Amino acid sequence: MDGREQKPEKVIEVRDLVAHYGERKILDGVSMDVYGGEIMVIIGGSGSGKSTLLRHLVALEQGTSGTVKILGRDPAALDAKEALALRKKIGVAFQGGALFSSMTVGENMMLPLYEHTVLDRTTMEIMVRLKLEVVGLAGFEDLMPAELSGGMVKRAAFARAVIMDPKILFCDEPSAGLDPVIAAALDDLLLRMREAMGMTIIVVTHELESAFRIADRITVLDQGRILLTGTTEELRETKSERIQNLLQRRTQEEIVDPEEYLERLMGERLGERALL
Amino acid sequence: MIYRIKDENGTTVVAFEGEVDLESSPEARRILLDCLGRTSSLLVDLSAVTYIDSSGIASLVESFQNARKAGRHFALVAVSGSVLSVLRLSRLDKVFTIYDTLEDGLARAG
Ligand SMILES: Nc1ncnc2c1ncn2[C@@H]1O[C@H](COP(=O)(O)OP(=O)(O)OP(=O)(O)O)[C@@H](O)[C@H]1O
Ligand SMILES: [Mg+2]
């Protein structure tokens, strides 16, 4: 991208974000920048806080401390009108993102259009079909979600997230559970949307192969902290054993502390660490 | 988005300029459908379009299909690189009649 040579626009800026669920600290001082037109991939073990971070980025949740800025503004501090304007520029495909079961696929996809635009109905219908085309669901607009397979629902939810060609797209595990051919096609689509529309894309994924295929930079999250943010090359070359283990899909050889282990088994201590 | 309409020997040329997005595409759509009601041959000059989103693309699709049904000539000319990559996203570069330059388009529309 030739925009990269000029001063790139900082689309997302996170500083020292700390978040708790109850007493448990889930995000422990996360700082991250994402630049315009960049594909940033967040990887990390199950329970490391990836989805939590994403929910904070889109202001669904607010941290205990630290700051989040989207396009230079704290999304939680916007008035209703500004928040609506921001939402129009953002697409979100959540993990396990569902569709409303009482509406057809097409009606589900039109919801954001009705909320944010005054487009002609014909235009909306064509937009829906265009997006269903690119996710390989052409002709499915009149079906109910219950009539789709799990992978199809997932693709339809993704199609809905991009229905308005958002400036910033957040996807949580967009290809988890999809067959490899479709997952690769989805990766390709992300790359082409970035190329054609200049989208900034933040993807959470377990699929390392996919991460390396699409990422400009990768952020590795581990127990609520960022271990490293870097290009795919930087990640491959890192000396960090923990990251190498993650990349090699080796589980952590945890040092067994007998006392702590016994306390955990006896329910005297909270399980604090998720296995990678 | 701004636009200009001119007549070249019976062929109507609409040139859009700037961004055809959620805000401006309803106007683009209205202009295209209006023109189709008044001409038998319409060229859409996209050389100065810096950004088009799928609402703009949808307006082009609707106009093209209307033109075909009404037996009118409809083509895109001088499609800018950014528009072309958006057309390619949904393989519409293989659907529209596209001429490299306005001159080509006019010669073929004649
Ligand atoms: N709504 C919630 N209430 C309480 N705790 C939560 C909630 N959501 C997540 N957590 C906890 O926060 C931690 C991080 O969860 P999160 O969903 O962010 O992980 P993740 O990295 O997305 O994992 P996965 O890869 O399995 O999706 C987990 O320990 C989880 O139990
Ligand atoms: Mg998650």
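The model is predicted: local features need pLDDT of at least 70, side-chain atom pairs count only at pLDDT 80 or more, and totals for chains, interfaces and linings use all residues. Residues are numbered from 1 along each chain as its sequence is written, chains are lettered from A and ligands numbered from 1 in the order in which they are written, and side-chain values use heavy atoms, with hydrogens and water left out.

The shell around ligand 1 holds 14 residues, where a residue counts as near if one of its heavy atoms lies within 4 Å. Ser46(A), Gly47(A), Lys50(A), Ser51(A) and Thr52(A) come nearest. By class, the shell has 2 nonpolar, 9 polar and 3 charged residues. Here Ala, Val, Leu, Ile, Met, Phe, Trp, Tyr, Cys and Pro count as nonpolar, Asp, Glu, Lys and Arg as charged, and the others, Gly among them, as polar. Strand E2 (24–35) and helix H1 (50–57) of chain A each supply at least two shell residues. H1(A) gives the most, with 4 residues. Helices (H or I, at least four residues) and strands (E, at least two) are DSSP runs, numbered from the N terminus.

The side chain of Lys50(A) places an N or O atom 2.7 Å from a ligand oxygen. For a polar side-chain atom of Ser51(A), the distance is 2.8 Å. Gly49(A) uses a backbone N or O atom, at 3.0 Å. The protein covers 66% of the 630 Å² of accessible area that ligand 1 has on its own (Shrake-Rupley method, 1.4 Å probe).

Chain A is assigned domain 1 (2–89 + 166–238) and domain 2 (102–165). Their C-alpha centres lie 24 Å apart.

Helix H10 (residues 258–265) of chain A has 0 buried residues among its 8. Buried means under 20% relative accessible area, exposed over 50%, partly exposed in between (1.4 Å probe, protein chains only). Asp257(A) caps the N-terminal end of H10(A), with a side-chain oxygen 3.1 Å from the backbone nitrogen of Glu259(A).

In chain B, Thr39(B) sits in the loop between helix H1 (25–38) and strand E3 (41–52). Thr39(B) is buried, at 7% relative accessible area. Its side chain reaches the backbone oxygen of Ser41(B) at 3.1 Å.

Terms used:
Polar contact = N/O pair within 3.5 Å; in protein donor to acceptor, adjacent residues only side chain to side chain. Domains from an automatic or database assignment.
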